[in-house]
Amino acid sequence: MQNAKDPSNIVNLSQRVDPSSPRGGELLNAVRNIASRRLHLCLGNLFEQVDDALFDLAEKAENNAAQMHYFDGMREVRKRRPMVERNFLLLVSRNIDEFASKGRPQASQATAATPAGPVELSLVADNELEESLAITSMIGKTETRLARDLFAVNQRLSVICGGMKIDDASNPIGPASLSQAFRQSVRELSADMRVKLIIYKLFDRYVLATLDELYQETNNELMRAGVLPQLRHEVRRNSQGAAAPQGGEHAASPQHAGDAGEAHVDGQSDEVSAELLHTLRNLFQARRTHPGVPLSTMNHGPLPTANELIGALSVLQNQAAAMPPAPVASQGPAVLAQEVLQLKEHLLTQLGALRGERPGQVATIDEDTIDLVGMLFEFILEDRNLPTQMQVLLARLQIPYLKAAILDRKLFAHRKHPARRLLDSLADAAKGWSEESDRDGRLLEMVKSIVDRLLQEFDDDLGIFERLCNELLAFQETSTRRAELAEQRVAESTRGREKLEQARRQAAREILTRIDGRTLPPLIHGVLTRAWANHLVLTILRQGEESLEYKSALRFVNDFIESTRPARDLESRRALRQMLPGIERALRQGLASVAFQESDIERLLAQLHDYYRQQLGEIAPPPASSPQDAAEAASNLPIPDSVQSLVNEDEPLDDTATDAVEDTSAEYDAELQRVGEMRPGTWLEFGADGETPERAKLSWISPMSGRYLFVNRRGLKVADHSPQELAHALAHGKIRLLESNALFDRAMDAIVDRLSHPADEGTTDTE
């Protein structure tokens with residue numbers, strides 16, 4: 001490609017490229033080549049894992065029939081793998097070719113949407129629903145994780161495609177397009193749906209999880225080609241909830257960006273949420289074909305209008321706002337869950353009071369909305385990701401959110417709807433809350449304030465959600481900045497301790513290796529394992545293991561040990577006399593360098609002089625107890641404060657690790673793998689044996705020891721563990737991993753699952 005430094009080659013938003021021109025074709029070919037090369041490699045990695053995954057499941061199958069499903073799936077995948085890979089890469093290439101001219105890749109349009117109207121619940125649950133849910137979940141998770149890189153790719157593709165509006169859904173190499181292309185390719189397999197779901201999980205792990213590398217390479221290549229070279233990969237939200245670029249002179253602006261510079265994410269373009277909502281509508285429709293739904297079984301009076309519903313909800317909202325929240329102890333999640341279920345009944349009663357007669361039925365779409373909001377808040381009260389105090393607070397928002405959902409039907413279809421963003425932000429802030437980490441009560445008061453203001457101030461102006469969300473985010477940014485400073489100090493302190501421990505072990509290994517099991521005179525052994533060990537530790541910390549000072553200190557160890565050999569003849573005595581000046585000089589310099597007092601050094605040297613005179617036969621040996629006294633004197637040499645602060649004199653000289661964990665449980669290996677996949681930012685809940693739970697975030701993984709450092713939301717240290725200790729604690733329920741995806745997404749998935757399996761209602765498991 002041409003040099004991006006050439007001013008004529010810089011492309012900004014007002015100089016859109018014709019995709020049919022040689023320049024546009026060259027850029028699109030570069031994107032296609034990067035995608036094909038990386039996806040081919042990732043797909044190969046995926047299929048290398050299929051056999052092992054299916055074989056493991058076959059071994060654990062509950063019966064022979066299930067086992068045969070997995071073995072048949074293995075054979076089918078082996079046979080069809082080349083065709084699936086070829087079709088997938090062909091679809092991706094075709095999407096890149098066609099999206100500029102048609103406005104949307106074919107794979108995006110090829111979603112297997114559930115047919116509108118009444119459907120058989122079993123058909124939805126057993127076929128399209130399972131597959132759609134798997135695809136929807138992994139697309140949403142990936143788009144959230146890669147929002148910054150995706151935004152930059154969208155912007156640059158928009159420029160090279162003539163300014164066409166491009167968002168995550170229409171990006172031909174976006175998670176949605178790639179996932180739908182893979183879904184279409186997997187249709188070549190006649191395997192059982194259970195097998196396909198395993199393949200989708202592997203696609204998530206080995207393809208979607210590596211897309212950051214694809215997007216980074218694509219962005220770098222287009223930057224080098226001069227396409228928006230100064231675009232900052234940031235996404236901010238405008239007042240309407242739409243994505244807009246921030247920073248950089250080529251960022252989109254209202255004056256000239258137009259379609260090219262904006263990545264609008266609204267109810268129509270957010271296909272993932274729309275598809276999920278469509279699935280929910282079908283499930284509600286299917287549920288209405290069965291008995292047991294009170295609103296649909298009564299038929300008295302005209303259906304209430306949306307305005308009547310809003311009026312009745314406003315009355316209920318005023319009543320809720322006027323009642324101060326009860327203490328958590330008397331109004332826990334179990335009690336509130338009953339109130340959530342009763343809201344529909346309260347609403348009908350209030351409608352009856354307002355219109356003079358109680359309606360027996362509401363419009364189908366309103367009934368779905370009432371049920372959906374009710375299930376959302378049931379999930380909140382069952383969600384173990386949230387502390388109990390926060391569950392109780394957020395549960396008070398059911399009425400405002402039902403009003404918002406009736407006023408704006410896009411709330412559930414639009415992932416970036418202000419009301420949805422506010423609830424997700426509240427849950428995200430609450431996830432890390434604990435009494436210990438919020439001693440000043442700032443976060444708890446902030447959440448209370450937002451809940452109270454929604455109850456007291458929300459009438460029909462949906463802008464309040466945006467305003468409150470911005471206030472919460474500003475509060476969180478301030479808290480995060482303070483916490484990051486504390487985290488940095490904790491990490492630096494931990495890093496320093498680990499360097500010290502590593503230096504102590506290194507010094508211990510060097511000395512013990514050179515002693516090699518020999519019995520040294522107590523005086524010599526005491527000097528080496530105490531005073532000189534400290535000198536080695538500080539030399540490693542200050543100068544490093546490759547320094548001349550450290551190598552010289554090790555030579556002293558060799559000479560000091562050598563000087564203890566018996567000097568029985570003239571030659572050996574001559575050799576010992578030649579060594580002694582160097583030993584004395586090294587010992588003086590070494591101990592002086594770590595701030596030993598001159599009087600302490602002289603006392604030690606006097607003891608050594610007596611010892612060596614005995615070795616040379618110049619004086620008679622002292623009584624048998626005297627060497628022990630000398631050893632004790634050497635061991636009790638005072639350690640300067642500068643040394644004492646770095647070296648723990650009470651620990652034995654040892655080079656063995658002490659954090660080994662033995663665990664042979666079946667869950668241990670699986671948890672050890674989960675621990676290996678943890679990344680900084682992951683939240684856990686610590687608390688076992690009746691202890692008060694404490695929530696902590698993985699802040700840092702030591703590159704030296706591999707230990708995991710955890711801090712609370714204030715950035716203060718909660719714990720640090722080896723991977724083995726974490727896996728053991730997770731396997732035995734002493735630590736619990738908190739979910740990382742958004743509350744709303746988790747709730748929607750749980751609601752779909754509950755509606756798909758009505759026989760399981762009442763036995764919800766949110767862990």
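Before the details, a word on conventions: the model is predicted, so local features need a pLDDT of at least 70 and side-chain atom pairs count only at pLDDT 80 or more, while totals for chains, interfaces and linings use all residues. Residues are numbered from 1 along each chain as its sequence is written, and side-chain values use heavy atoms, with hydrogens and water left out.

Of its 767 residues, 50% are buried, where buried means under 20% relative accessible area, exposed means over 50%, and partly exposed lies in between, with a 1.4 Å probe and protein chains only. The accessible surface comes to about 35,900 Å², and 49% of that belongs to carbon and sulfur atoms; these areas come from the Shrake-Rupley method with a 1.4 Å probe, and for residues only the protein chains shown count as cover. If we take contacts (heavy atoms within 4.5 Å) between residues at least 6 apart in sequence, 76% of them join residues at least 24 apart.

Turning to the interior, I use nonpolar core for a set of buried Ala, Val, Leu, Ile, Met, Phe, Trp, Tyr and Cys residues joined through side-chain atoms within 4.5 Å. The largest such core has 68 residues, and among those with the most contacts inside it are Leu347, Leu397, Tyr401 and Leu454. Helix H14, residues 364-382, gives the most to this core, with nine residues. A second, separate core has 62 residues, including Leu91, Leu150, Val159 and Ala181. As for Leu454, leaving aside neighbours within four places in sequence, its contacts include Gln317, Pro400, Ile464 and Leu468.

What does the side chain of Ser93 make a polar contact with? Ser93 has its place in helix H2, residues 64-102, and is buried, with a relative accessible area of 18%. The partner is the side chain of Arg32, at 3.4 Å; a polar contact here is a pair of N or O atoms within 3.5 Å, where within protein one must be able to donate a hydrogen and the other to accept it, and residues adjacent in sequence count only if both atoms are side-chain atoms.

Next come the strands, which pair if DSSP finds at least two bridges between them. Strand E3 (residues 683-686) is covered on both faces, with Trp683 and Glu685 buried on one side and Leu684 and Phe686 on the other. E3 pairs with E4 in the antiparallel sense over four bridges, and E3 is also joined to E7 by three bridges, again antiparallel. Leu684 has Ala696 in E4 as its bridge partner, whereas Phe686 has Ile735 in E7. E4 in turn runs antiparallel to E5, with four bridges, and the two form a hairpin with six residues between them, where Gly706 in the turn has a positive phi of about 75°. E5 is joined to E6 by four bridges, also antiparallel, and in that hairpin, with five residues between the strands, Gly715 takes a positive phi near 85°.

Finally, helix H28 (residues 743-756) reaches 20 Å from its first C-alpha to its last, close to the 20 Å expected at 1.5 Å times one less than its number of residues. Eleven of its 14 residues are buried, among them Arg746 and Asp749.
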